Amino acid sequence: MKRFLRRLTYPLCLGIVAFILVCACSQSNYQDATSPTSSAENCRIIKHPMGETCVPLNPQRIVALDILSLGETVALGIKPIAATIWSRTEINSEVPPYLAERIKGIVLHSYSTSQPNLETILQLKPDLIISPSDPSSREQYKQLSQIAPTVLVPWGEISRDWKQHLKETAKVFDKTEVATQLLNGYSQRVEKLKQRLQNNRPQPFRASFVYVNSGGVYLGMKKSFSGTILNDIGLLSPKSSNNLSLPISEESFSEIDSDVIFIGCYQKNDCSTLEKLRGKPLWSKVKAVQNKQVFPVDFQSWYGFDFLAAHAVLDDIEKHL
């Protein structure tokens, strides 16, 4: 009996030791992928709103979550293998015109729920996941970081500042100099555009972005994406508040005191609302409407928030003004 117990105990002990070693190795591999305890020779420690992540020095299979991360990485000269993009339907990925030509070869996955599908991301076998820091990504962070090293780039934490977001994204890839060059190029273009506008339109004038979303009409304010760009050029109304947008009722159309209006619709059915808007008597009394200075633009570009969208906005201003 004792001999039998010894024979049983020996393999049982070996099994326990083997199990402990496997667990230790698994934990080690997990830390190599996601935690700051990884070897600095293989990765760089990046601090972000959810802590620290050891980012591979030369990631090859980057997955961008959200159109914002996709646009920023492409602007920095980095091409992800795939991106997950929120869409009204999961059938077609809705890519802004300014980005379409730049992302050929990148696999796009649409999701219409509040969060991208973790199983889809897992199947992509990423070695880096990058996303703006928002409620949905923060909720999924633990699961995402078990798939691959994950960095949530500050977004709400920096008050949706698109210029700072480009800089923060550049830090992840050690491309801060590239971001600086890009932003300097933007500033130079803005200055040239200001000069051209002064030459072509010597009288001071104001411009604004108006959009229709779910049947409602909104005026972009100073902290909106388009608002920051119009403000950089000196075209935004001084009356503009430090908000993202202002709902505009039919009775308050007169509050749109701009000489020029750029207008867009969020969805196709919003465009029909836009047509009805143009038939309203009070709309016809808006200064820009009377002067035939209302120009249709792509909503996604003007609502944008990434660096490439900013240049798309400047393209429209140059084209129409």
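**Aromatic pairs**

I counted the aromatic pairs to begin with, and the count comes to 15. The rule I used takes rings of Phe, Tyr and Trp (for Trp the six-membered ring) as a pair if their centres lie within 6.5 Å; planes under 30 degrees apart count as stacked, over 60 as edge-to-face and the rest as tilted.

I note that this is a predicted model, in which local features need pLDDT of at least 70 and side-chain atom pairs count only at pLDDT 80 or more, while totals for chains, interfaces and linings use all residues. Residues are numbered from 1 along each chain as its sequence is written, and side-chain values use heavy atoms, with hydrogens and water left out.

I looked up Phe209 and Tyr211, which form a stacked pair with 5.5 Å from centre to centre and 25° between the planes. Tyr211 also pairs with Tyr218: the centres are 5.4 Å apart and the planes stand at 20°, so this pair is stacked.

Next I checked how far these residues are covered. My terms are buried for under 20% relative accessible area, exposed for over 50%, and partly exposed in between (1.4 Å probe, protein chains only). Phe209 has 2% and is buried. Tyr211 has 6% and is buried. Tyr218 has 24%, so I wrote it down as partly exposed.

I also found a charge over a ring: the charged end of Arg201 sits over the ring of Phe205, 5.0 Å from its centre. The rule asks for NZ of Lys or CZ of Arg within 6 Å of the ring centre and within 35 degrees of the ring normal.

**The sheet**

I took helices (H or I, at least four residues) and strands (E, at least two) as DSSP runs, numbered from the N terminus. Two strands pair if DSSP finds at least two bridges between them. Strands of a sheet pair through backbone hydrogen bonds, either parallel or antiparallel.

Here I traced 5 strands in an open sheet, in the order β5-β4-β3-β6-β7, with parallel pairing. The edge strands are β5 (107-111) and β7 (150-153), each pairing on one side only. On average, neighbouring strands of this sheet are turned by 20° against each other, direction ignored. For such angles, axes are lines fitted to C-alpha atoms, for helices over the stretch in contact, and the values run from 0 to 180 degrees between N-to-C directions.

I looked at one pairing in detail. Strand β3 (residues 62-65) pairs with strand β4 (residues 82-86) in the parallel sense over 3 bridges. Ala64 stands opposite Ala83 in β4.

Two helices lie across strands of this sheet. Helix α2 (residues 67-75) lies across β3, β4, β5 and β6 (128-132), and runs at about 115° to β6. Helix α5 (residues 135-147) lies across β3, β6 and β7, and runs at about 155° to β7.

**The cores**

I defined a nonpolar core as a set of buried Ala, Val, Leu, Ile, Met, Phe, Trp, Tyr and Cys residues joined through side-chain atoms within 4.5 Å. The largest one has 58 residues, and Phe262 and Ile317 have the most contacts inside it. Its largest share, 8 residues, comes from helix α12 (residues 307-320). Apart from it lies another core, of 15 residues, including Val212 and Ala288.

Which residues does Ile317 touch, leaving aside its neighbours within four places in sequence? I listed Leu193, Leu197, Leu230, Ile233, Phe262 and Trp302. Contact means heavy atoms within 4.5 Å.

I then turned to Val313, which has its place in helix α12. Val313 is buried, at 0% relative accessibility. Setting aside neighbours within four places in sequence, Val313 is in contact with Phe225, Ile229, Ser301 and Trp302.

Arg189 is in helix α7 (residues 176-200). I found it buried, with a relative accessible area of 19%. Beyond its neighbours within four places in sequence, its contacts are His311, Leu314, Asp315 and Glu318.

**Positive phi**

Most residues other than glycine have a negative phi. I looked up two residues with a positive value. Lys125 has phi near 50° and lies in the loop between α4 (118-123) and β6. Phe305 has phi of about 95° and is found in the loop between α11 (299-303) and α12.

Are these two residues buried or exposed? Lys125 is exposed, with a relative accessible area of 64%, whereas Phe305 is buried, with 6%.
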